[in-house]
Amino acid sequence: MTAVLLSLYACLALALSNAAQIQHDVMTKDAAEGHSHPNGEDHHDAKPDRCKDIEFDAITPDEKGNTFFFKGDHLWKGFSGPAELSNNIFKELDDYHLLGHVDAAFRMHHQDDPSVHDHIYFFLDDKVFSYYNYTLEKGYPVEIQQEFPDVPSHLDAAVECPKGECITDSVLFFKGNEIYSFDIKTKSVKKKVWAHLPNCTSAFRWLEHYYCFHGYNFTRFHPVSGDVTGAYPKAARNYFMRCEGFGHGGGEKRQRCSEVKLNAITTDDTGRSYAFQDEMYIRLDTHRDGSHHFPISRLWREISGVVDAVFNYGDNMYIIQGDQVYIYKSAVHYTLIEGYPKPLKEELGIDGPVDAAFLCPNQHIVNVIQGQKMYDIDLAATPRAVNMTRPIPYSQIDAGFCDGDGVKVFIGPEYYSYQSPLILAVGKIKPPPQKISPKKFGCEE
């Protein structure tokens, strides 16, 4: 009996030893793969890290301007911060999809239809989801073709393209090197092949620039032609996220509002507002999505150096530089009209340079300022010439602008408001100066 018991004890000891070794091996493997230990401790973070070369599944802003980056069943909100589970914010995605990923996403731009404008659309396999304020819209998900006829399933990427940047309000859908340009109003599709563009796993529109993300990189492209201009691809973590040891701005901070000195400011016929400073411009009407200074030559390729004045008349943008004037068509990005630049004297009947120029809404008289004189020029006349010359109570201004609220003249980081050009000319007492604000110009107090 004793011998039998000893034999049993030996077998039990061997079994326990083997079990301990197996548990040790499993825990070691789990730790290496980022799994949690049985006691609940994480010795390795299982969340994806976008600073470690991640290929995004989808990128989209929401109606508030927050940008979401998706990878697997996780997302990042904004350009910095840790990942979190997608279903923490968009709860219904997992109810219809067990693989835990998003194929494509975009924010709808369709101001003619408030019921869909600014909604986020997610694409998962053959389904599309519509969200607003992080709430799934009633009746969704639906088949992709029900909402977007002739657009294929299992997409790679999608991005919105407003009128003025595309011919009409559109959505670009990507599948391989095929692009499906979807007209939101007519629901018609034009298929294109952009073989020169890498296959996009996600696409993103930011401040009227378009980016194709592929692998760990991105390439900027023209949304109508697909053309790529510049040195691409570039590393995404140098531009679209804040990662230690990476970046392209050298840690440069935003300009202080007290240092702003504008050269020109204007709004085109589609509502796009721009301020020009030195050799850069900034878009003024898109601050919910962020703000950024870009080289003037990025949008207006023929312009180099500092501009003196900019104004819009109809669907044309006039850019005055020295004694020359450039006229661009505003529609579908800015295209220089053939035959320009021309001498300012030939186009407007005055010699350059000028200090400022502005045109009030629904008017055809452009007000051009040189020193302490303001010239009224009728743009509807042929030939164009100065109709009236009036003094203004400033020795020199930097920029001028006119909208539905009246005229603003900018001098350094301040501006002065008037009800009309006439009151600017005849007013004897200067109004109190107002400070250029962070909200409008993206500067820092």
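**Salt bridges and strands**

Author: Asp376 and Arg390 form a salt bridge, with their closest N and O atoms 2.6 Å apart; the term means a side-chain nitrogen of Lys or Arg within 4 Å of a carboxyl oxygen of Asp or Glu. This is a predicted model, where local features need pLDDT of at least 70 and side-chain atom pairs count only at pLDDT 80 or more, while totals for chains, interfaces and linings use all residues. Residues are numbered from 1 along each chain as its sequence is written, and side-chain values use heavy atoms, leaving out hydrogens and water.

Reader: Is Asp376 buried or exposed?

Author: Buried means under 20% relative accessible area, exposed over 50%, and partly exposed in between (1.4 Å probe, protein chains only). Asp376 has 8% relative accessibility, so Asp376 counts as buried.

Reader: Which strand holds Lys127, the salt-bridge partner of Glu143?

Author: The side chains of Glu143 and Lys127 meet at 3.2 Å, N to O. Strands are DSSP runs of E with at least two residues, numbered from the N terminus. Glu143 lies in strand S9, and the pair ties together parts 16 residues apart in sequence because Lys127 lies in strand S7.

Reader: Which strands stand at the edges of the open sheet of four strands?

Author: Two strands pair if DSSP finds at least two bridges between them. The sheet's order is S14-S15-S16-S17, with antiparallel pairing. Each edge strand has a single partner, so one side of each is left without a neighbour in the sheet; these are S14 and S17.
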